[in-house]
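Please open the model in a viewer and keep the selection panel at hand.

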Amino acid sequence: MTGELNTQRFKMGAFFKEFGDLQVPLYQRGYDWQTDQVEEMMNDLSEVIEEKQDSHFFGLIVLNSDTEDKKKYVIDGQQRITTSFIFLAVVRNMFLKLNKEHSNAIAEVRANDLQDNYFGSKGNYRFGQSKDLNDYFERNIMSKNAFDVTSPDNRSSEKNVFKTYETITKMISEKISKKLQPNDKVTALYDILTSFLEKFYVITLSTSSRSDAFVIFETLNDRGTELSASDLLKNHLLRISGSDIDYVKEYWDSMVESLNGGAKNVTKFVRSYWNSKNNFVTEKLLYKGIYSKVQSSSDAKNLIRSLNDLAPVYGAISDPKNTEYFSNEMLNKELITLADLGLKTYYPVILALEENGYSENDILTVVHKINSFVVRNFTIGGLVANKYEKTFSKIAIGINKRQYESVDEVNQAISEEMVPDEKFRVDFGQAQVKTEKASKHILADIFYADEIGKIDINNVKVINLNENISDPNLIGNKVLVTKREFADIKQAKNNKFSILSRSKFDYTRKMANYPDITEDEVQNIQVEHAYEAVSFWK
């Protein structure tokens, strides 16, 4: 450690008075406590009051003292501190309301004391949020003005503050509503306040070294969870970025916005990217892998710039139905098929192709090969997808290292791990497909190949012909219907085959002639189409 480290125990009231210059750093994630966490805090407070407990440990707070601007930056514990100020704001505003409704002088004094001792005044507030939340927080929490009861439209942090304020207000109101007289309500509210300020306590770790504060944060939060993996990575990049911290922060925020899925998506994306360039790591070991190789400011800048560039690509392959990136319509359809088939382990390959400047037609060629791989190995073959995670990582690394001269060589590498033709033909002849999404694509591509132009995958449903055979999920026992036809069948179950006989689709009308189809007949149909399947998923 390069700076002096101070450890102290504070009751919450003393903590707020001791540290009247608290500031959330700009790189911290927004306020994200959910209702269950807020309710847990308030239930703990209720237990303290009802069971007359002497104390309750509220958590650890890590602070970094900045010698230049004289502020204490909250490195860890931001969520608890923010929730505490929301709690104090609720109590203050309840005192103000009691005074307004009943001209209760004691309530007014309590509200003013809270404002003066814990919140401060405009221009000199005792707690500052990060930039995105600060204006909203000052206006609704730090200020003595009435809370804006209209839920914010966009920013998630503002919405979470709003929900927390509502939750605490409801829970405290239920406690004090049992008192009939205004003075009793004021007393009950004051008891709740003092129990929090005097019985809840925190342990603080404070250091003047920002580097030390970051290291403490990493040590305390290295849990191997999705959320902490994302936070730890961000923390590490910012810690080593030095004078480029604003640059790294800006690119990080841009990356997260492109992913549109929060910390969970960040972790999965970074892992896909990392596994396209480096030795394969599990999600649990991702942070350690990055920590060991990304050690300088230039390393941090290069990594975050590459991540930001590829984040939209990850969005397109992980959520192709809702994210537009590629202009090639066939490529987008193939990506949707892969999403419906449930494969995610191939992502590093596409990230590597995009980063190395391959065209969309080239990427389409590889994606079709991956689709064939998925159908042969997983959808029909029944193999475990995770087994091939390292395979796709190895191929992606080969792309990044320029080991392949063309997409044909990339596809050849994929083919080496594919189920061979003869085994796939046999597998197809007896394949059961349990999910509707996968069934739609298998049926459309093989059984309905002559009328594929009629089929909108998003607007068809799958019907089993005979539910009484031992394996009703055999793919030859299934047909496609429009959503309207499906609704008609559900409404008039006894007329299923009458409705199928009038279907929009030729193949469905043909199969309507076999209401008592046997399992042997179903498998014969599959065997007949197996050669087409081998040819299509080549």
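A crossing is left-handed if the near helix is turned anticlockwise from the far one by less than a right angle, and right-handed if clockwise. Helices (H or I, at least four residues) are DSSP runs, numbered from the N terminus. The model is predicted, so local features need pLDDT of at least 70, side-chain atom pairs count only at pLDDT 80 or more, and totals for chains, interfaces and linings use all residues. Residues are numbered from 1 along each chain as its sequence is written, and side-chain values use heavy atoms, with hydrogens and water left out.

**First selection: H3 and H7**

Select H3 and helix H7 (residues 182-199); their axes, lines fitted to C-alpha atoms over the stretch in contact, come within 11 Å and cross at roughly 165°. H3 is therefore roughly antiparallel to H7, a term for angles over 145 degrees between N-to-C directions. H3 passes H7 in a left-handed crossing. Next, display the contact residues (heavy atoms within 4.5 Å), including Phe 87, Met 94 and His 102 of H3 and Lys 185, Tyr 190 and Phe 196 of H7.

Key. Axes fitted to C-alpha atoms, helices over the stretch in contact; angles between N-to-C directions. Helix = DSSP H or I, 4+ residues; strand = E, 2+ residues; numbered from the N terminus. Parallel < 35°, antiparallel > 145°, perpendicular 65-115°, else oblique.
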